[in-house]
Amino acid sequence: VAAFVFAVLEGLALQKNWLKLEWVAKPAVMLCLFVWLYITVGLSGATLWFGLGILLSLLGDVLLMISLDRLFLHGLIAFLLAHVFYVIGFNIPIPAISAWSVILAILIGWGGARVIRRILTSVAASGNVRMRLPIIVYSVVISVMLLSAMIKLNDLSWNAGASVLVALGAFLFYISDVILAWNKFVAPIQHGRIYNIGAYHLGQIVLIAGVIVQYSA
């Protein structure tokens, strides 16, 4: 509840351009999620990696809040590592390959490739070629994170409610990054920052809620 309240306040801060409120509300969301994870299920095994992912997300939040342009690459690296940690958490233990996972991999890869191709075209047109490789690597990693979460929908070792939550949370996280990249590199989206942060925070809250439901059972 506290994380959700701070997420709403962050949206209000962006809409009203209240920088002081943003500096409090934005990092508070991830801090609340970390505390929630720690006091409910602790930090061991898979949950340790999710906790590290939260902290790296917090670092990325702060870096992009300081300067979305000047520190964009640094923030990208922080979130890249956060996704890597989430991937590790979702794959403890390593799931078996199934028809469901193969179909998901094809769909996510096909959809992601179409979006990233458009973004990379705009990046090249702007002359910002040094960002091409980081964007490609980040896109691959976040796609693997989404795939790892979606696979849980067919994983019998996962609670049904928990699997739905992590799948939805990962999807919202994925969409938030698409909005951010499109808004920054392709074309401005009206209220793009609000949509980006709203999807990001809701995604993180729902994802971590799913992890807690799974590991508190």
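**Residues, rings and pockets**

Modeller: Let's start with Arg132, which counts as partly exposed at 32% relative accessibility. Bear in mind that this is a predicted model.

Biologist: Where does Arg132 lie?

Modeller: Arg132 is in helix H6.

Biologist: And which residues is Arg132 in contact with, leaving aside its neighbours within four places in sequence?

Modeller: Leu120, Val123 and Ala124.

Biologist: Switching to aromatics. How many aromatic pairs does the count come to?

Modeller: Ten aromatic pairs. One of them joins Phe90 and Trp158, with 6.3 Å centre to centre and 45° between the planes, and it is tilted.

Biologist: Why call the pair of Phe90 and Trp158 tilted?

Modeller: Planes under 30 degrees apart count as stacked and those over 60 as edge-to-face, so anything else is tilted. The Phe90 and Trp158 planes are at 45°.

Biologist: What does that pair tie together?

Modeller: Parts that are 68 residues apart in sequence, because Phe90 lies in helix H4 (residues 72-90) and Trp158 lies in the loop between helix H6 (132-151) and helix H7 (160-186).

Biologist: Phe90: buried or exposed?

Modeller: Phe90 is buried, at 1% relative accessibility. Trp158 is buried too, with a relative accessible area of 8%.

Biologist: What about the rings of Trp158 and Tyr215?

Modeller: Their planes are at 85°, so the Trp158 and Tyr215 pair is edge-to-face. The ring centres are 6.0 Å apart. Tyr215 lies in helix H8 (residues 192-215) and Trp158 in the loop between H6 and H7, so this pair ties together parts 57 residues apart in sequence. Tyr215 is partly exposed, with a relative accessible area of 30%.

Biologist: Which residues form the aromatic cluster?

Modeller: Phe50, Phe79, Tyr86, Phe90, Trp158, Phe173, Tyr200 and Tyr215 form one cluster.

Biologist: Next, charges over rings. Where does the charged end of Lys184 sit?

Modeller: Over the ring of Phe72, 4.9 Å from its centre. Lys184 also lies over the face of Phe185, at 5.7 Å from the ring centre.

Biologist: Pockets now. How much space lies in the largest pocket?

Modeller: About 560 Å³. The lining has 35 residues, and Tyr138, Ser139, Ile142, Asp177 and Val178 lie nearest the centre of the pocket.

Biologist: Which helix gives the largest share of that lining?

Modeller: H6, with nine residues. Helix H3 (46-66), H4, helix H5 (99-125), H6, H7 and H8 each supply at least two residues.

Biologist: How do the residues of that lining divide?

Modeller: There are 24 nonpolar, seven polar and four charged residues.

Biologist: And how much space lies in the second largest pocket?

Modeller: About 180 Å³. Its lining residues include Leu104, Gly111, Gly112, Met150, Phe171 and Tyr174. H5, H6 and H7 are the elements that give two or more residues to this lining. H5 gives the most, with six residues.

Biologist: How many charged residues are in the lining of the second largest pocket?

Modeller: No charged residues there; the lining divides into nine nonpolar and two polar.

Biologist: Back to single residues. Ser163: buried or exposed?

Modeller: Ser163 is buried at 4% relative accessibility. Ser163 is found in helix H7. Beyond its neighbours within four places in sequence, Ser163 is in contact with Lys152, Leu153 and Trp158. The C-alpha atoms of Ser163 and Ile116 are separated by 27 Å, and the two residues are 47 apart along the chain.

Biologist: Now backbone geometry. Which peptide bond is cis?

Modeller: The bond from Ile92 to Pro93 is cis, with omega near -5°. Pro93 is in the loop between H4 and H5.

Biologist: What is phi of Asn17 near?

Modeller: Near 60°, a positive value in a residue other than glycine. Asn17 lies in the loop between helix H1 (2-16) and helix H2 (19-41). Asn17 is exposed, with a relative accessible area of 57%.

Biologist: And what about phi of His191?

Modeller: His191 has a positive phi of about 60°, although it is not a glycine. His191 is in the loop between H7 and H8. At 48% relative accessibility, His191 counts as partly exposed.

Conventions. Residues are numbered from 1 along each chain as its sequence is written. This is a predicted model: local features need pLDDT of at least 70, side-chain atom pairs count only at pLDDT 80 or more; totals for chains, interfaces and linings use all residues. Side-chain values use heavy atoms; hydrogens and water are left out. Rings of Phe, Tyr and Trp (its six-membered ring) pair if their centres lie within 6.5 Å; planes under 30 degrees apart count as stacked, over 60 as edge-to-face and the rest as tilted. Helices (H or I, at least four residues) and strands (E, at least two) are DSSP runs, numbered from the N terminus. Buried means under 20% relative accessible area, exposed over 50%, partly exposed in between (1.4 Å probe, protein chains only). A charge sits over a ring if NZ of Lys or CZ of Arg is within 6 Å of the ring centre and within 35 degrees of the ring normal. On a 1 Å grid over the protein atoms alone, a cavity is a set of points where a 1.4 Å probe fits but cannot get out, and a pocket is an open set with protein on both sides within 12 Å along at least five of seven lines; lining residues have an atom within 4 Å of a point. Grid points are joined across faces, edges and corners, and a volume is the space filled by probe spheres set on the points. Ala, Val, Leu, Ile, Met, Phe, Trp, Tyr, Cys and Pro count as nonpolar, Asp, Glu, Lys and Arg as charged, and the others, Gly among them, as polar. Contact means heavy atoms within 4.5 Å.
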